[in-house]
Amino acid sequence: MSDATNDDLETIRGILRSGRTAIVTSRGSGGALHSRPLALLEAEEFEGTLWFLTFDPSTKTDEIRRHPEVNVSVADDKGYLSLSGAGSVDRSQARIDQLWNPFADAYFEGGREDPAVAVLRVDVATVEYWDTDKPAVAKAFQVVKGILTRQEPDLGENRRVEL
């Protein structure tokens, strides 16, 4: 059951939009965690699913097929996100066409019809976010205040929500 409010979703979308790149972590065959950067797609429309173009087959897609639990992290000036959920690989040409963009041409030599192109889908179950969308001067003031008072600075809201 979701406890995410519309404000939560807007905060999450704002961080996703400005972050543009995510670090996707999956579990390797030996159990070790493996992280890599991927470009976020359709972040402004986030309702609980994240999308990435990727190569398949690849180490990443092999790991996700074996262990679908993934974590996606995003950081930028607006805040930080840690999104946990289940990953899956989608080979549908319709989905690839929907998500294709001019930047993808730089990574996939054969274009959108390249047989190695796939979509990584992450169905997010939980999100923890730190909303730090304050002017730099306000953040600096809070840090100095924290040093002087020996109290944790108030840099923004931290919340964990279920989707």
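Visitor: At 36% relative accessibility, does Phe55 count as buried, partly exposed or exposed?

Guide: First, this is a predicted model, where local features need pLDDT of at least 70 and side-chain atom pairs count only at pLDDT 80 or more, while totals for chains, interfaces and linings use all residues. Residues are numbered from 1 along each chain as its sequence is written, and side-chain values use heavy atoms, with hydrogens and water left out. Buried is under 20% relative accessible area, exposed is over 50%, and partly exposed sits in between (1.4 Å probe, protein chains only). At 36%, Phe55 therefore counts as partly exposed.

Visitor: How many aromatic pairs does the structure hold?

Guide: Rings of Phe, Tyr and Trp (its six-membered ring) pair if their centres lie within 6.5 Å; planes under 30 degrees apart are stacked, over 60 edge-to-face, and the rest tilted. By that rule, the number of aromatic pairs is 2.

Visitor: What is the angle between the planes of Phe55 and Phe108?

Guide: These two rings are 4.5 Å apart, centre to centre, in a tilted pair. The pair links distant parts of the chain, with Phe55 in strand β3 and Phe108 in the loop between α3 and β6, 53 residues apart. Helices (H or I, at least four residues) and strands (E, at least two) are DSSP runs, numbered from the N terminus. The angle between the planes of Phe55 and Phe108 is 45°.

Visitor: How buried is Ile64, in relative accessible area?

Guide: Ile64 is placed in helix α2 (residues 59-66). Not counting residues up to four places away in sequence, Ile64 touches Ser26, Val70, Gly87, Ser88 and Leu120, where contact means heavy atoms within 4.5 Å. Ile64 is buried, with a relative accessible area of 2%.

Visitor: What is the volume of the largest pocket?

Guide: On a 1 Å grid over the protein atoms alone, a pocket is an open set of points with protein on both sides within 12 Å along at least five of seven lines, and lining residues have an atom within 4 Å of a point. Grid points are joined across faces, edges and corners, and a volume is the space filled by probe spheres set on the points. The largest pocket is lined by 23 residues, with Ala39, Leu40, Leu41, Asn101 and Phe103 nearest its centre. Its volume is about 650 Å³.

Visitor: How far apart in space are Thr132 and Asp77, C-alpha to C-alpha?

Guide: Thr132 is found in the loop between β6 and α4 (136-149), and it is buried at 11%. In sequence, Thr132 and Asp77 are 55 residues apart. In space, C-alpha to C-alpha, they are apart by 7.1 Å.

Technical notes. 1 Å grid on protein atoms, 1.4 Å probe; cavity = no way out; pocket = protein on both sides within 12 Å on 5 of 7 lines; lining within 4 Å.
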